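Please consult the sequence and the model while reading.

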Amino acid sequence: MASAVTAFIKTLDEEQRKLALYPFSDDERFVWFYTPVPRKGLSMKKMNPEQQKAAMALVKLAMSEQGYEKTTAIMDMENVLRVQENRPPNDTHRDPINYFFTFFGEPNGKEPWGWRLNGHHLLWQFSSLTGKISGMTPTFLGSNPDIVRVDVPQKGKQILKKEAELGFALVNSLNSDQMKLALISETSPQEIITTNVRKASIEKMEGIPFTKLTESQQKTFLSLLDLYLNNYHVTLKNQQMDKLKKVGLDKLVFAWAGDREPGFGPGKGQYYRIHGPTFLIEYDNAQNQANHTHTVVRDLTNDFGEDVLAEHYKSQH
């Protein structure tokens, strides 16, 4: 990844470098949005075709095939929104290449560095210290619409289908006593709880503990957890899973809010989360009559590589 980032930066002209490059210490590293707002960084719109290709190759390097496919599908969903919202073909508010690459520091094997891909419904953030990827969250993947219903080539597409199906499978396998623990609200929140804050936190861990699930339910739970981690390159996925196992999978809980069956219409909505002392996944599908999905993965101790970075600076002094 360091080699790919270095090679990409070398292709940038002076104007592009001013947009794309920030010091690692800059607070911009912690700024991210999943709504269509103005952003800092180098937009793919301001890259030539070869640079666009190289930028997406960098994305492909950091992710699994599954993660890359979801990323490109989310970007393509801007074409659906352009039609759905009756925007003109030259509209720039909904644009599949209006996604921004930003680099913090440069790889030299000695100092921290990282990079980010951010745009509507999409965030990948990576941080590195001395040759190892030490931070790989926050990660945000969203889809509006959740299921494409307008008459376009993507009609019927549901990017986050498995995330919904496994969530429903798990909650609907619970018996009444288990449901009393898992269900935190009969109605779904309209948004993920942690939004895009720099330091994610949820006041208390609610839900059914992993240890109170049956063997079959635990298998479904782990399949759901794997689904989110499988978006990353296998090395990064294993890195996060090893950390979770070290803390203890038995420390994780599953919480649900809203409808327990798929549904689209007024008042519909589903929310769930996997929550542990160091880790959080949130899924929410409540906006636009339950046809607008947000998912986020947060490392509660090491978002933006902060924990490892603190250790690095401590060791330097």
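P138 is placed in the loop between strand 6 and strand 7, and the peptide bond that leads from T137 to P138 is cis, with omega near 5°. Helices (H or I, at least four residues) and strands (E, at least two) are DSSP runs, numbered from the N terminus. The model is predicted: local features need pLDDT of at least 70 and side-chain atom pairs count only at pLDDT 80 or more, while totals for chains, interfaces and linings use all residues. Residues are numbered from 1 along each chain as its sequence is written, and side-chain values use heavy atoms, with hydrogens and water left out.

A cis peptide bond also joins N144 and P145, where omega is about 0°. P145 belongs to the loop between strand 7 and helix 5. Q158 is likewise placed in the loop between strand 7 (139-143) and helix 5. Leaving aside residues up to four places away in sequence, Q158 touches D146, I147 and A164, where contact means heavy atoms within 4.5 Å. The C-alpha atoms of Q158 and V83 are separated by 17 Å, and the two residues are 75 apart along the chain. In the loop between helix 4 and strand 3 (100-104), N86 has a positive phi of about 55° although it is not a glycine. Most residues other than glycine have a negative phi, and most peptide bonds are trans.

**Domains and their interface**

The protein is divided into domain 1 (1-137) and domain 2 (160-301), with bounds that come from an automatic or database domain assignment. Their C-alpha centres lie 26 Å apart, and the contact takes 20 residues from domain 1 and 22 residues from domain 2. Together the domains bury about 1,800 Å², 56% of it on carbon and sulfur atoms; buried area is the accessible area (1.4 Å probe) that two parts lose on being put together, summed over both. W32, Y34 and M136 supply 34% of the area that domain 1 buries against domain 2, more than any other three residues.

Between the domains there are twelve residue pairs in polar contact, with both residues at pLDDT 80 or more. A polar contact is a pair of N or O atoms within 3.5 Å; within protein, one must be able to donate a hydrogen and the other to accept it, and residues adjacent in sequence count only if both atoms are side-chain atoms. On the side of domain 1 that touches domain 2, the elements giving two or more residues are helix 3 (49-62), helix 4 (65-84), strand 5 (122-129) and strand 6 (132-135).

**Salt bridges and aromatic pairs**

The structure holds 16 salt bridges, each a side-chain nitrogen of Lys or Arg within 4 Å of a carboxyl oxygen of Asp or Glu. The count between domain 1 and domain 2 is one salt bridge. Two of the salt bridges are tabulated here.

| Salt bridge | N to O distance |
|---|---|
| K70 and E163 | 2.4 Å |
| E306 and R29 | 3.1 Å |

E306 lies in helix 10 (residues 306-316) and R29 in the loop between strand 1 (21-22) and strand 2 (42-43), so this pair ties together parts that are 277 residues apart in sequence.

A search of the whole structure finds 16 aromatic pairs. Rings of Phe, Tyr and Trp (its six-membered ring) pair if their centres lie within 6.5 Å; planes under 30 degrees apart count as stacked, over 60 as edge-to-face and the rest as tilted. The rings of F168 and W256 have centres 5.4 Å apart and planes at 55°, so the pair is tilted. This pair links distant parts of the chain, with F168 in helix 5 (residues 161-171) and W256 in strand 10 (residues 253-258), 88 residues apart.
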